Amino acid sequence: MQYDVLVIGGGVGGGSVALNLASRGFKVAIVEERDWGGTTINRGSTPKRALLASAETHFRMTQLVKDVAPLSWSEMASHSAKVVLAANQRYGNNLVNAGITTIEGHATFVNSNTILVHGQRYQAKTIVLATGARPRKLEFPGSQYMEHSASFLKASNLPDKITIVGAGIIAFALASIATEAGTKVTIVQHNRMALRIFDQGLVQTLISRLENAGVVFKFDNTIQNITELSSGSYQVTTNQDQFETKAIYCVAGRVPNTEDLNLSVAGVKFGPLGIKVDERLKTSNPQIFALGDCCDAPVPKLSNYAIYQGKYLGNNLQKPVQFPIKYPTPALTVFSIPKLGQVGISTQKAADKPELEVKTMDIKNWQTYARNGDDLAKLKIIFNKGNQQIVGAEVLSQDADQLVDYLSLLIQQHVSADDLQQQLFAYPSQASDLYGIWQSR
Ligand SMILES: Cc1cc2nc3c(=O)[nH]c(=O)nc-3n(C[C@H](O)[C@H](O)[C@H](O)COP(=O)(O)OP(=O)(O)OC[C@H]3O[C@@H](n4cnc5c(N)ncnc54)[C@H](O)[C@@H]3O)c2cc1C
Ligand SMILES: NC(=O)c1ccc[n+]([C@@H]2O[C@H](COP(=O)([O-])OP(=O)(O)OC[C@H]3O[C@@H](n4cnc5c(N)ncnc54)[C@H](O)[C@@H]3O)[C@@H](O)[C@H]2O)c1
């Protein structure tokens with residue numbers, strides 16, 4: 001069967017490019033071997049945020065009133081499962097309703113413009129690879145007892161004592177959710193560094209808050225083996241320690257899905273960081289493109305980048321791709337309790353730039369944060385000393401994701417303090433708090 005464009009991978013990256021191209025009249029087919037919506041919808045931010053919805057509401061209540069009833073994991077899990085099922089079905093339906101041919105199965109290349117799925121050949125002049133990534137596996141005796149974030153996120157029961165391996169973005173979200181649900185969490189990190197790219201002062205405050213809530217951090221601990229005990233629990237032995245736990249989730253990074261595609265027959269080069277692409281997302285074969293978590297592009301591997309890359313390719317594929325991809329202001333959030341957000345230039349990068357100044361603002365007394373009892377709320381904002389424009393920020397707050405997005409708009413639009421005074425925000429709202437950034441300087 002012949003198409004204008006074949007997309008391999010039905011996650012948010014593949015879906016984004018397929019929907020964009022279909023809306024322009026291209027004959028598009030998309031292949032998915034597991035579930036429509038990929039990691040984001042089925043095993044990533046959608047279930048994570050659905051579980052977090054209960055966990056953070058519970059946390060907020062405990063900040064404001066006494067005697068809050070404990071959370072029920074089974075209720076949280078069934079809410080999350082409903083949200084995921086609806087999103088997954090909506091995702092598949094959107095593709096079909098857009099006139100895209102959806103093919104279920106594993107795709108491999110036969111040659112540079114032909115793929116094979118369940119013995120059937122499909123051809124296209126242009127192919128887009130959007131095969132995503134999978135959890136990185138660690139190997140040591142007993143490592144087979146470790147599960148991954150996906151099994152945490154779909155667990156119908158959560159044990160009362162769990163271990164998380166890796167102190168990264170996923171770990172802080174899972175630990176926050178589990179702790180709020182009453183589970184005792186231990187995080188094992190092989191060195192001293194948690195959340196490497198974030199402001200380490202804010203990270204330390206977040207660690208202290210989680211420690212006060214009962215999370216045990218074991219830094220400089222490398223797991224040597226795990227043994228199963230007759231009780232059904234596990235004994236974890238590290239280079240420093242030995243302890244019992246009831247489940248172990250390994251969240252020590254992710255690796256791109258580049259194997260089992262027969263990329264070499266298509267002339268597509270790849271390495272450990274993913275499929276090699278140029279600044280137009282073109283692979284080493286000029287008719288094959290790659291985007292999202294499977295590709296080795298110089299941006300974080302996040303849903304928002306995969307979707308943005310999909311839109312870029314969709315906008316440009318009808319003609320030879322003319323313009324290199326230009327990424328907007330980066331914004332990301334660790335969905336912990338409280339959240340940790342980063343936008344634009346980070347405090348670590350600002351430290352090397354004398355033209356920038358970092359101002360730390362204790363925002364807990366600002367209206368939004370005071371009324372929410374958000375006592376740890378802190379904003380580190382990075383200004384250009386010359387024109388006083390905001391170029392970046394790092395935020396610790398229950399609402400860091402929203403503040404980061406407001407700041408992203410200000411940065412992207414080069415908004416100055418004077419420009420902001422021309423806006424009339426609803427009052428008192430988180431947006432109206434923004435005036436405080438200049439007042440507090
Ligand atoms: C627990 C967790 C939480 C996350 N939270 C966030 C968050 O809050 N915010 C954020 O921005 N990012 C988050 N991420 C990252 C985000 O999920 C990824 O960046 C995003 O899913 C990448 O999209 P993608 O389309 O490139 O890949 P994927 O979503 O992984 O989709 C790739 C698809 O390709 C399919 N596939 C692979 N090989 C083949 C083949 N040969 N044939 C057919 N199909 C194939 C796979 O089955 C998969 O469905 C999170 C990730 C995890 C694991
Ligand atoms: N909110 C978001 O935007 C969001 C949320 C979740 C995931 N993601 C994406 O998913 C990716 C994967 O998340 P992640 O948390 O798995 O990765 P990560 O890179 O954020 O963290 C992995 C952690 O594991 C540690 N580690 C590595 N080997 C180890 C070992 N042997 N023992 C103990 N610790 C070890 C690393 O030092 C690091 O701290 C992220 O990089 C990001 O692209 C994004």
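On the H3 side, the contact is made by Lys 48, Leu 51, Leu 52, Ala 55, His 58 and Phe 59, and on the H6 side by Ala 173, Ser 176, Ile 177 and Glu 180. Two residues are in contact if their C-beta atoms, placed from the backbone, lie within 7 Å.

This is a predicted model, in which local features need pLDDT of at least 70 and side-chain atom pairs count only at pLDDT 80 or more, while totals for chains, interfaces and linings use all residues. Residues are numbered from 1 along each chain as its sequence is written, and chains are lettered from A and ligands numbered from 1 in the order in which they are written.

Now step back to the whole protein. It has 13 helices and 25 strands; helices (H or I, at least four residues) and strands (E, at least two) are DSSP runs, numbered from the N terminus. The C-alpha trace spans about 65 × 65 × 40 Å along its principal axes. Of the 441 residues, 46% count as buried, meaning that 20 or more other C-beta atoms lie within 10 Å of the residue's own, with 12 or fewer for exposed, partly exposed in between, and C-beta atoms placed from the backbone.

Next, some backbone details. Most residues other than glycine have a negative phi, and most peptide bonds are trans. Yet a cis peptide bond joins Ile 337 and Pro 338, with omega about -5 degrees, and Pro 338 sits in the loop between strand E21 (331–334) and strand E22 (339–344). Tyr 427 and Pro 428 are also joined by a cis bond, with omega near -5 degrees; Pro 428 belongs to the loop between helix H12 (417–421) and helix H13 (435–439).

Finally, look at Asp 67, in the loop between H3 and helix H4 (73–97). Its phi is positive, near 55 degrees, and Asp 67 counts as exposed because it has 6 C-beta neighbours inside 10 Å.
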